[in-house]
Amino acid sequence: MVDKSILQEVLNEALKTGGDFAEIYIEQNDLNTAYMSDGRVESVLSGKDYGAGVRILSGFNCVYAYTNDLSREGLLKIARDASYALADVKNKESRELIKLDYTNSHPIVIVPSTVDISKKVSKVKEAYSVAKNYSNEIVQVSVRYIDNDKKVLIANSEGLLAEDRRIRTRMAIEAVASDGNENQTGFFGPGRLMGFEFFQNVDIEWYAKEAARMAVTMLHADLCPSGVMPVVIDNGFGGVIFHEACGHSLEATSVAKGHSVFSGKLGQKIASDVVTAIDDGTIPNAWGSSNIDDEGHPTQRNVLIENGILKGYMIDMLNGRRMNMKATGNSRRESYKYAPTSRMTNTFIAPGDKTPEEIIKSTEYGLYAKYMGGGSVNPVTGDFNFAVNEAYLIKDGKIDRPVRGATLIGKGSQVLLDIDMVGNNLELGQGMCGSISGSVPANVGQPMIRVKKMTVGGRK
Amino acid sequence: MELNKFIDELFKRGKEEGFSDMEVYYIDSDSFEVNIYNQEVDKYNVNKNKGLSLRAIYEGRIGYAYTEKFDEEDIEFLIKNAKNNALETQTDVIPEFYSGGQYRELEMDINVDIDTKKKIEDAMYMERRAKEYDSRIDSVNYCLIDTGKGRRKIVNTRGLNLEEESGVSVAYIAVVAKDKDDVKSGSSFKVTSNYNNIDFEKLVKEACDEAINSLGAESIPSGKYKVILRRDAAATLLATFSSIFSGDAVQKGFSLLKGKIGKKIASDKITILDDPFLKDAPSSCFFDDEGVETYTKEVIKDGVLKTYLYDIKSAKKDGVKSTGNGFKASYKSPVVVSPTNMYIVKGTLDYEEAIKRQERAIIITSLQGLHSGANPVSGDFSLAAEGYLVENGSITKPVEQITIAGNFYKLLEDVEEVLSDFELALPSGMGSYGSPSIIIKELNVSGK
């Protein structure tokens with residue numbers, strides 16, 4: 001995207017004032033979206049993001065500057081602007097840039113730019129009518145299609161030069177069921193690191209029906225009871241519990257400065273024996289995968305927790321310096337507008353040996369969370385919360401009537417210890433994860449699990 | 001290419017291509033941010049950003065395209081994509097761009113041109129003061145100052161050519177308090193158009209007090225409680241449910257307020273304004289992102305719903321005029337309906353006095369999980385919360401690990417009292433939201 005000699009020049013300029021490391025990140029992102037609701041395709045949008053960010057490190061300090069001006073002068077200017085923040089004059093030279101070679105683990109079959117927008121819109125219309133026609137009680141549907149083709153180049157003063165191309169496609173389907181007085185919604189948002197072949201690999205019709213079924217089911221559900229009880233959380237997006245309750249607290253962003261409840265606990269038991277948790281940015285064509293991270297390091301499979309023992313954190317280069325540990329290929333950013341930091345990729349609880357039937361059967365009374373919504377966490381205290389989109393009561397080892405409006409709360413350090421059963425049906429679910437380096441695509445995942453006690457917030 | 005030349009060229013090419021009308025939305029911004037950690041500059045950001053989007057009408061339909069690059073080839077990119085995209089959209093109202101109206105002058109007190117050194121010193125001062133505040137303050141996990149300047153410009157082929165400058169300063173501090181194994185966090189912020197309005201001492205006090213006062217917090221038994229929703233928590237709840245007032249949401253059944261204009265939907269005590277001329281608020285503006293003049297309006301007056309908010313398209317559907325509420329999240333996004341500064345008008349009862357009058361109630365100081373545990377389509381919410389228990393007229397203990405649950409439509413009816421302690425909260429989405437503390441008859445609390 002930019003000549004190697006210019007990159008070298010920019011890195012040298014950035015190091016003139018005492019920085020010990022400089023990095024340039026260049027991005028071009030082509031985006032297409034289509035949105036349909038109320039029976040009509042309301043907006044179709046295309047766009048081009050184009051920018052660069054220069055990062056300079058000096059010890060633990062980080063300077064970042066970005067621009068849309070990718071000319072030699074534009075890039076030198078941000079390198080200079082950034083370097084002004086550091087007062088010393090050391091004039092370190094950047095090493096010669098050597099291109100990183102790797103095999104692409106995420107082949108793309110149909111690049112989105114080769115597909116007419118009308119074909120993409122017809123997929124939106126199909127999903128819309130499947131959801132809308134599911135039941136008379138479905139009064140509204142909205143469907144959003146997104147594809148983006150992001151090319152990145154990363155060069156740093158240690159001689160690294162790496163490029164990656166990430167093509168992602170996603171559909172988000174929301175259905176509203178109403179009886180005239182009350183509304184309930186159902187939602188699914190499947191996505192992959194794929195081009196238009198996404199539609200051959202993912203059964204959109206199933207998701208559209210499921211979103212509608214969820215809305216209708218919840219319309220006829222009772223209010224969820226409140227209190228402390230066992231909670232069975234089903235596979236797939238249910239993994240948001242690990243993501244929120246523990247994952248964020250294992251990111252170096254909160255560990256490095258000692259703010260996380262898991263700081264300094266490597267090798268210690270932080271979860272029950274049945275819990276093994278992994279962050280794996282290498283899964284072929286998965287939503288949260290990429291060949292390299294946004295610092296140019298190849299992504300990895302990192303074991304975070306093994307049989308309850310804390311084995312590792314997710315670490316970026318800068319926080320790695322503070323922790324005196326190596327980066328783990330987890331450094332990510334939304335775009336050139338953000339300096340990268342440690343983030344989750346595809347994070348999941350590994351499968352155990354119980355069948356889902358066994359888990360339900362052994363639960364006398366509790367809540368069965370079939371589909372989870374989103375949530376959030378305070379990484380300092382570990383207090384988390386998330387919504388349950390579709391829930392049922394469990395009575396005498398059987399799934400009983402549906403209940404709505406349930407929220408689960410707790411503390412991350414406690415919930416890990418309270419997981420007493422792990423199923424054998426691992427699945428991943430897609431989401432957008434927001435944190436200090438912006439919003440990035442991330443997979444959550446787990447098999448069915450049981451937490452022996454949790455606070456369930458309902459309206460009854 | 002120079003901006004005006006780019007726009008001229010774009011409109012010229014668009015006309016040749018057969019667009020009936022075109023509109024350009026342009027943003028540029030300069031921003032600065034510094035983060036302090038342990039009396040050192042931890043992060044330092046200087047950024048320049050610009051972007052332009054084209055909305056164009058082709059065969060009676062609108063297509064969108066945007067770019068961050070301003071070369072000859074980008075004109076072709078915008079034209080080609082806007083045209084292809086227009087052909088795929090479907091509409092029941094003929095789209096129209098605005099040709100201009102009577103604009104009211106916006107008096108803003110903008111001052112963000114502050115010396116970098118001073119901003120760094122101020123941030124360091126804030127961190128130092130927080131560490132000195134109390135021995136239980138263990139660390140400062142965020143301490144930042146951010147300033148930005150921007151320009152927003154709308155030009156269309158109907159003769160509209162509007163421009164507005166903006167400036168915003170943000171100071172934010174988050175602290176951790178520790179007492180043996182008990183760890184609590186607290187934070188505070190100020191968003192203002194004039195940097196000199198930031199009271200660093202006040203921010204430090206608010207953040208530290210919040211963290212220290214919540215040490216020793218416990219859950220409380222589940223049940224129904226009277227709730228004092230503190231002003232900041234009330235504002236975030238209003239922000240989450242503000243989309244129910246959107247004309248577009250009403251038309252599509254995403255809001256339950258259909259047919260409710262002129263009807264009583266809230267307690268007599270509730271009046272809600274959408275006020276784009278609020279001084280010192282970052283969302284104030286004299287024209288919206290479609291170039292329509294903005295104005296102050298009562299959305300709810302003494303409990304009665306007075307109007308929905310409209311952009312040009314949703315207004316046309318209802319046969320009314322746009323209320324100047326068509327906004328874009330950024331140049332990358334299409335126009336949607338959004339409030340400007342939306343807030344609940346304050347009452348007369350003092351916050352301290354209100355606490356004295358409660359026999360048993362909980363004060364909710366913060367709500368979490370609003371993006372997932374609250375559903376504007378149904379009005380249902382079930383949210384993690386923190387606060388204090390009030391017994392016999394005074395605060396007896398801090399409370400954590402509870403949820404409060406209810407329905408927003410019902411909550412509006414159940415407001416017993418609106419207090420006098422109004423404040424604007426952190427901007428959320430495209431608008432800013434504010435509220436005084438409000439007392440709610442009863443909400444369901446789930447605890448231990």
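Visitor: Is the crossing in which H3(B) passes H4(B) right-handed or left-handed?
Guide: In this predicted model, helices are DSSP runs of H or I with at least four residues, strands are runs of E with at least two, and both are numbered from the N terminus. A crossing is left-handed if the near helix is turned anticlockwise from the far one by less than a right angle, and right-handed if clockwise. H3(B) passes H4(B) in a crossing that is right-handed.

Visitor: What pLDDT do local features need in this model?
Guide: Residues are numbered from 1 along each chain as its sequence is written, while chains are lettered from A and ligands numbered from 1 in the order in which they are written. Side-chain atom pairs count only at pLDDT 80 or more, totals for chains, interfaces and linings use all residues, and local features need pLDDT of at least 70.

Visitor: At roughly what angle do the axes of H3(B) and H4(B) cross?
Guide: Axes are lines fitted to C-alpha atoms, for helices over the stretch in contact, and angles run from 0 to 180 degrees between N-to-C directions. The axes of H3(B), residues 116–133, and H4(B), residues 200–213, come within 9 Å and cross at roughly 40°.

Visitor: Which word describes how H3(B) lies to H4(B)?
Guide: Angles under 35 degrees count as roughly parallel, over 145 as roughly antiparallel, 65 to 115 as roughly perpendicular and the rest as oblique. With the axes crossing at roughly 40°, H3(B) is therefore, relative to H4(B), oblique.

Visitor: Is Ala235(B) buried or exposed?
Guide: Ala235(B) is found in helix H5 of chain B, residues 231–241. Away from its neighbours within four places in sequence, Ala235(B) is in contact with Ala425(B), Tyr433(B), Gly434(B) and Ser435(B). A residue is buried if 20 or more other C-beta atoms (placed from the backbone) lie within 10 Å of its own, exposed if 12 or fewer, and partly exposed in between. With 26 other C-beta atoms within 10 Å, Ala235(B) is buried.

Visitor: What radius of gyration does chain A have?
Guide: Chain A has 10 helices and 24 strands, and 60% of its 460 residues count as buried. The radius of gyration is taken over C-alpha atoms, and the globule rule is 2.2 Å times the number of residues to the power 0.38. A compact globule of 460 residues would be near 23 Å, and chain A agrees, with 23 Å.

Visitor: What radius of gyration does chain B have?
Guide: Chain B comes to 10 helices and 20 strands. The globule rule gives 22 Å for its 448 residues, and the value for chain B is close to that, so chain B is as compact as a globular protein of that length, at 24 Å.

Visitor: How far apart are the end C-alpha atoms of residues 222–447 of chain B?
Guide: UniProt, in an unreviewed entry, gives this span as "domain: Metalloprotease TldD/E C-terminal". UniProt positions follow the numbering used here, feature names are shortened, and annotations may be inferred rather than shown by experiment. The span is 17% helix and 35% strand, and its end C-alpha atoms lie apart by 5 Å.

Key: Contact = placed C-beta atoms within 7 Å.
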